[in-house]
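Let's take a walk through this fold together. Have the viewer open, and follow along as we move from the overall layout to single residues.

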Amino acid sequence: MPGGRIITGIPDAAFALNQYPHPLKTPDETIERWYAKRDCRGDINTRLDLVNLVFRDQDDDPIYTPHLWAYDHDKLVQLFAEAGFITIEPWAFDPTMANPKRRWGSIYVVATKSPQTDRESGLPRS
């Protein structure tokens with residue numbers, strides 16, 4: 001849709017990977033915020049276990065679809081640009097639109113399509 005906007009929030013791969021070189025602490029903030037009430041807690045013994053869980057989260061609950069890929073800001077920009085969005089910017093978190101429990105450790109962007117597109121190619125007009 002020309003001129004359309006989309007706000008996307010996902011676990012931030014850069015956040016998880018930046019923690020990887022550091023030892024797993026007890027208590028660990030990521031575990032406490034994301035996994036303390038989940039059945040998978042006993043499977044987290046090293047920082048790499050936690051990284052793997054972040055990237056493959058939700059496979060222990062049939063309500064959710066597991067994560068199949070990891071994303072960071074650069075990857076989101078590249079994907080939205082390929083899809084014809086002309087502006088991709090960090091989104092200022094708004095707790096009235098997104099779950100505040102998911103803010104920590106996540107990345108949010110807002111992407112906007114060109115107001116005018118070429119009907120044949122679907123690409124923004126110059």
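This is a predicted model: local features need pLDDT of at least 70, side-chain atom pairs count only at pLDDT 80 or more; totals for chains, interfaces and linings use all residues.

Residues are numbered from 1 along each chain as its sequence is written, and side-chain values use heavy atoms, with hydrogens and water left out.

The protein has 4 helices and 3 strands, where helices (H or I, at least four residues) and strands (E, at least two) are DSSP runs numbered from the N terminus. Reading from the N terminus, the order is β-α-α-α-α-β-β. Of the 126 residues, 30% are buried, that is, under 20% relative accessible area with a 1.4 Å probe, counting protein chains only. The accessible surface comes to about 8800 Å², with 53% of it belonging to carbon and sulfur atoms; these areas come from the Shrake-Rupley method with a 1.4 Å probe. Among contacts (heavy atoms within 4.5 Å) with a separation of 6 or more, 54% join residues 24 or more positions apart.

Now find the sheet. The 3 strands form an open, antiparallel sheet in the order S1-S3-S2; two strands count as paired if DSSP finds at least two bridges between them. Strands S1 (5-11) and S2 (85-90) stand at the edges with a single partner strand each, so one side of each has no neighbour in the sheet. On average, neighbouring strands are turned by 25° against each other, direction ignored; the axes behind such angles are lines fitted to C-alpha atoms, and angles run from 0 to 180 degrees between N-to-C directions. S1 and S3 pair over 7 bridges, and Thr8 has Val109 in S3 as its bridge partner. S2 and S3 (residues 106-113) pair over 5 bridges. Here Ile88 has Ala111 as its bridge partner, and Thr87 stands opposite Thr112. How enclosed is S3 by the rest of the structure? Largely, because 6 of its 8 residues are buried.

Let's turn to the interior. A nonpolar core is a set of buried Ala, Val, Leu, Ile, Met, Phe, Trp, Tyr and Cys residues joined through side-chain atoms within 4.5 Å. The largest one has 12 residues, including Ala13, Trp34, Cys40, Ile44 and Phe55. Helices H1 (13-19), H2 (29-35) and H3 each supply at least two residues of this core, and the largest share, 5 residues, comes from H3. Apart from this core lies another, of 8 residues, among them Leu76, Phe85, Ile88 and Ala111.

Finally, look at H3 itself. Its buried residues are Arg47, Leu50, Val51, Leu53, Val54 and Phe55, and their cover includes S1, H1 and H2. Arg47, found in helix H3 (residues 47-55), counts as buried because its relative accessibility is 8%. What does the side chain of Arg47 reach? The backbone oxygen of His22, at 3.3 Å. Leaving aside neighbours within four places in sequence, Arg47 is also in contact with residues including Gln19, Tyr20, Pro23 and Asp28.

Definitions and conventions. Buried means under 20% relative accessible area, exposed over 50%, partly exposed in between (1.4 Å probe, protein chains only). A polar contact is a pair of N or O atoms within 3.5 Å; within protein, one must be able to donate a hydrogen and the other to accept it, and residues adjacent in sequence count only if both atoms are side-chain atoms.
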